[in-house]
Amino acid sequence: MINAMRSFSADELDKIKVWFRAARVSDFPENGGACVRYGNLQVAVFNFTRRNEWYACQNLCPHKMQMILSRGVIGSQEGEPKVACPFHKRTFSLTSGQCLNAEGDSIAVFPVRIEDGYVYIGFAK
Ligand code: FES
């Protein structure tokens, strides 16, 4: 099992009620993202191959309320994994969800677990 949960505290992981099976690992492009739905929520999932890590966050960019972050460019800033919105380049940490280059709203991030070739995303409800 590979996971990208180290940025989540034990307390936060305790609150996870659902591990949602999002899709197969092979459904996600290397070093890129794809959008999955969990109920009404759109979630951007990133297969960050260069770092051998996975991340998930809300697909909604809070700047202009665009459903777009799964198509953002991923990279690292001082070791921090980040996604840049393709519209106006607001950049968000994929571990904390904090906006890194502007005063602005942060985004929700979710833990990811890889098991038996599937990607699971953790939700508190
Ligand atoms: S809509 Fe994402 S940065 Fe403007």
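1. Start with Glu 78, which sits in the loop between strand S8 (73-77) and strand S9 (80-84). This is a predicted model, and in it Glu 78 has a positive phi of about 50° although it is not a glycine. Most residues other than glycine have a negative phi. Glu 78 has 6 other C-beta atoms within 10 Å, and it therefore counts as exposed, the cut-off for that class being 12 or fewer.

2. Asn 31 also belongs on the list of backbone angles to look at. Its phi is positive, about 50°, and Asn 31 is not a glycine either. Asn 31 lies in the loop that links strand S2 (18-24) to strand S3 (32-38). Is Asn 31 exposed or only partly exposed? Asn 31 counts as partly exposed because it has 14 C-beta neighbours inside 10 Å; the partly exposed class falls between the exposed limit of 12 or fewer and the buried limit of 20 or more.

3. On secondary structure, the protein has one helix and 13 strands. The order along the sequence is β-α-β-β-β-β-β-β-β-β-β-β-β-β. In that pattern the helix follows the opening strand, and strands make up the rest.

4. Four of the strands form an open sheet in the order S3-S4-S5-S11, and the pairing is antiparallel. Which strands stand at the edges? S3 and strand S11 (109-110) do; each has a single partner strand, so one side of each is left without a neighbour in the sheet.

5. A residue pair to inspect here is Phe 48 and Glu 53: Phe 48 stands opposite Glu 53 in S5.

6. For overall dimensions, the C-alpha trace spans about 35 × 30 × 30 Å along its principal axes. What radius of gyration would a compact globule with 125 residues have? The value would be near 14 Å, and the protein has 13 Å, which agrees.

7. Two totals describe the packing. Of the 125 residues, 32% count as buried. Among contacts with a separation of 6 or more, 47% are accounted for by residues 24 or more positions apart.

Methods
Residues are numbered from 1 along each chain as its sequence is written. This is a predicted model: local features need pLDDT of at least 70, side-chain atom pairs count only at pLDDT 80 or more; totals for chains, interfaces and linings use all residues. Helices (H or I, at least four residues) and strands (E, at least two) are DSSP runs, numbered from the N terminus. Two strands pair if DSSP finds at least two bridges between them. The radius of gyration is taken over C-alpha atoms; the globule rule is 2.2 Å times the number of residues to the power 0.38. Two residues are in contact if their C-beta atoms, placed from the backbone, lie within 7 Å.
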